[in-house]
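New page in the notebook. I want to get my bearings in this one before picking at details.

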Amino acid sequence: MKDNQLVNLSKSFAISIINLNNSIKSRGTSNAIINQLLRSGTSIGANIHEANYASSRADFINKLQIALKECYETDYWLDIFAQSEIIQKSEYDDLFVQCSKIRKLLIASVKTAKENAKSSIAK
């Protein structure tokens, strides 16, 4: 159930990032920094999706850890965009909340997967 929630939240977040990207581009902001946010923000869900088709438990954990790293990078870019006033505080706040939810679920999922991996090795 948690995985479905993670997939759904990350997909919704990616769509929000794409919409923000389109909005920012229409304001005339540099493509280079917009692309950084677009790549990291959409990569979260892509890696979660890939994790569901992992070839092993280690591969599954690795994909989730990559998604988590992308989540932290996205937080960074959102903060930069907010502090440089590329986006409004309300835009930042909404996306930060979404990203934080995903990050918390990823942390819990990675922890659980690692614990399950240890317990299956011990058996």
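What share of the 123 residues of the protein counts as buried? I looked it up, and 38% of the 123 residues count as buried; buried means under 20% relative accessible area, exposed over 50%, and partly exposed in between, with a 1.4 Å probe and protein chains only.

Ground rules, noted before going on. The model is predicted, so I keep in mind that local features need pLDDT of at least 70 and side-chain atom pairs count only at pLDDT 80 or more, while totals for chains, interfaces and linings use all residues. Residues are numbered from 1 along each chain as its sequence is written, and side-chain values use heavy atoms, with hydrogens and water left out.

**Overall layout**

I checked the secondary structure next and got four helices and zero strands. Helices here are DSSP runs of H or I with at least four residues, strands are runs of E with at least two, and both are numbered from the N terminus. Reading from the N terminus on, I get the order α-α-α-α. Along the principal axes, the C-alpha atoms of the protein fill a box of roughly 60 × 20 × 20 Å. I also looked at contacts, meaning heavy atoms within 4.5 Å. Among those with a separation of 6 or more, 76% join residues 24 or more positions apart.

**Helix 2 against helix 3**

How do helix 2 and helix 3 pack? Helix 3 covers residues 57–83, and its axis sits 8 Å from that of helix 2, at an angle of about 155°. The axes are lines fitted to C-alpha atoms, for helices over the stretch in contact, and angles run from 0 to 180 degrees between N-to-C directions. That makes helix 2 roughly antiparallel to helix 3, since the term is used for angles over 145 degrees; under 35 would be roughly parallel, 65 to 115 roughly perpendicular, and the rest oblique. I sorted the contact of helix 2 with helix 3 by class and found 14 nonpolar, six polar and five charged residues. For the classes, Ala, Val, Leu, Ile, Met, Phe, Trp, Tyr, Cys and Pro count as nonpolar, Asp, Glu, Lys and Arg as charged, and the others, Gly among them, as polar.

**Two asparagines**

Asn 47 lies in helix 2, residues 31–51. I have Asn 47 down as buried because its relative accessibility is 8%. Leaving out residues up to four places away in sequence, Asn 47 touches Lys 63, Ile 66, Ala 67 and Glu 70.

Asn 21 lies in helix 1, residues 2–26, and is buried too, at 7%. With the near neighbours in sequence (up to four places away) not counted, Asn 21 touches Ile 34 and Leu 38. I also noted Leu 37: its C-alpha atom is 8.0 Å from that of Asn 21, and the two residues are 16 apart along the chain.

**Aromatic pairs**

How many aromatic pairs does the structure hold? I count two. Tyr 76 and Trp 77 have ring centres 5.1 Å apart and planes at 75°, so that pair is edge-to-face. For the rule, rings of Phe, Tyr and Trp (its six-membered ring) pair if their centres lie within 6.5 Å; planes under 30 degrees apart are stacked, over 60 edge-to-face, and the rest tilted. Tyr 76 is partly exposed at 47%, whereas Trp 77 is buried at 14%.

Tyr 92 and Phe 96 form a stacked pair, 5.6 Å centre to centre with 20° between the planes. Both lie in helix 4, residues 89–122, four residues apart, about one turn of the helix. Tyr 92 is buried at 16%, while Phe 96 is partly exposed at 31%.
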